[in-house]
Amino acid sequence: KQWYQRRVAVGGVTNTSSSSNTDAIVVLRVLRVVRVLKLARHSKGIIIVTKTLTSSVNELALLLFFWFIGVIIFGSIMYYIEYSFDQDSAFSSILHSSWWAVVTMSTVGYGDMYPKSAWGNFNTAY
């Protein structure tokens, strides 16, 4: 089937009798979001935030670039520290360790991965 012939699930239930009803509901939902976005142009606060974000795109891109470099560097360091300490560690690859670095640097701290060695704790602190 083509993408426009698939049934659309609404509320977890798929309407198999006719897809035109579900398509209409999806269109109405999209239009509701568009109406809210049109109202945003009348809000001074939202206008100021959008102007601020558009004027600082270069600085935000540089921040994300350095954050990404930090994730790669500290994730790799943590992989080599923890994998040499314990072969069955949660830091089983550089990708898993980079996930730890993303969670730690964004201060979310899920607690699903944490270092067990003293050098890993030192790397975490710095």
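A nonpolar core is a set of buried Ala, Val, Leu, Ile, Met, Phe, Trp, Tyr and Cys residues joined through side-chain atoms within 4.5 Å. In this predicted model, the largest such core has 6 residues: Val71, Met78, Phe91, Trp100, Ala101 and Met113. Helix 3 (57-85) and helix 4 each supply at least two residues of this core.

**Helix 3 and its packing**

- Helix 3 is made of 29 residues. From the first C-alpha to the last, helix 3 reaches 41 Å, which is close to the 42 Å expected at 1.5 Å a residue.
- Gly70, Val71, Gly75, Ser76, Met78, Tyr79 and Glu82 are the buried residues of helix 3.
- These buried residues pack against helix 4 and helix 5.
- Val71 belongs to the largest nonpolar core and is also on the list of buried residues of helix 3. Leaving aside residues up to four places away in sequence, valine 71 touches Ser98, Ala101, Val102 and Met105.
- Ala101 is both a contact of valine 71 and a member of the largest core.
- Met78 is likewise a buried residue of helix 3 and a member of that core.

**Aromatic rings**

- The count of aromatic pairs comes to 6.
- Tryptophan 119 and phenylalanine 122 both lie in helix 5, 3 residues apart, or about one turn of the helix.
- Tryptophan 119 has 63% relative accessibility, so it counts as exposed. Phenylalanine 122 has a relative accessible area of 46%, so it is partly exposed.
- Tyr79, Tyr80 and Tyr83 form one aromatic cluster.
- A charge and a ring meet at another site: the charged end of lysine 116 sits over the ring of tyrosine 114, 5.2 Å from its centre.

**A loop residue with positive phi**

- Most residues other than glycine have a negative phi.
- Threonine 107 is not a glycine, yet it has a positive phi of about 60 degrees.
- Threonine 107 is placed in the loop between helix 4 (94-105) and helix 5 (118-125).
- Threonine 107 counts as exposed because its relative accessibility is 69%, and exposed means over 50%.

Methods. Residues numbered from 1 in each chain as written. Predicted model: local features only at pLDDT ≥ 70, side-chain atom pairs only at ≥ 80, totals over all residues. Heavy atoms only, no water. Helix = DSSP H or I, 4+ residues; strand = E, 2+ residues; numbered from the N terminus. Buried < 20%, exposed > 50% of the residue type's maximum accessible area, 1.4 Å probe, protein only. Contact = heavy atoms within 4.5 Å. Phe/Tyr/Trp six-rings, centres within 6.5 Å; stacked < 30°, edge-to-face > 60°. Lys NZ or Arg CZ within 6 Å of the ring centre and 35° of its normal. Expected span 1.5 Å × (residues − 1).
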